[in-house]
Amino acid sequence: AAYGTYGPQVLEYMKTLSELFDPYYIRGEKQFNDPEALEKFNKVPNTIQSFDSVIKEGLMYPDSSVAQSFLYLDIHAKGALIYADFLRLAASGSIQEAKEKRNEFFDYYRKNEMLVQNVLDVYEMINTMQRKRYWTER
């Protein structure tokens, strides 16, 4: 019910994003410079862009609780683009650029914290990510 009649589409979109963000890589179960993970990270922008029209329609949904869910999804999509860039840079060994992109990701969520605080603990997310060392050998 969170996404109204768009529920099945959102489910497929989120499944696709989960696969492209390569949980095995993020958990450290793959080599740091993994070409397969890098290939997946490169597909994220097109996946998000192809779903943008559904998000925009959902923001106008007549049920305000559904529209609110799409606001969270819109914020998530923009953050996911930054996160994908961060992972791509980290996986390709561009350490300094990856650090800058990670900071951009953190700043994006800090800026939107008041909008997402009911569904995301931004402080905890950032704290957890800062402990992760994407650019050290695994």
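## Order of elements

From the N terminus, the elements of the chain follow the order α-α-α-α-α-α-α, giving seven helices and zero strands. Helices (H or I, at least four residues) and strands (E, at least two) are DSSP runs, numbered from the N terminus. The radius of gyration, taken over C-alpha atoms, is 16 Å, close to the 14 Å of the globule rule (2.2 Å times the number of residues to the power 0.38) for 138 residues, so the chain is as compact as a globular protein of that length.

This is a predicted model in which local features need pLDDT of at least 70 and side-chain atom pairs pLDDT 80 or more, while totals for chains, interfaces and linings use all residues. Residues are numbered from 1 along each chain as its sequence is written, and side-chain values use heavy atoms, without hydrogens and water.

## Dimensions and burial

The C-alpha trace spans about 50 × 30 × 20 Å along its principal axes. Of the 138 residues, 40% are buried (under 20% relative accessible area, 1.4 Å probe, protein chains only).

## Nonpolar core

The largest nonpolar core comprises 40 residues, and Tyr 13, Phe 21 and Phe 105 have the most contacts inside it. Such a core is a set of buried Ala, Val, Leu, Ile, Met, Phe, Trp, Tyr and Cys residues joined through side-chain atoms within 4.5 Å. Helices H1 (7–20), H3 (35–59), H4 (64–91), H5 (95–111) and H7 (122–131) each supply at least two of its residues; H4 gives the most, with 15 residues.

Beyond its neighbours within four places in sequence, Phe 21 is in contact (heavy atoms within 4.5 Å) with Ile 26, Phe 41, Val 44, Ala 80, Tyr 83, Ala 84 and Leu 87.

Notes: Buried means under 20% relative accessible area, exposed over 50%, partly exposed in between (1.4 Å probe, protein chains only).
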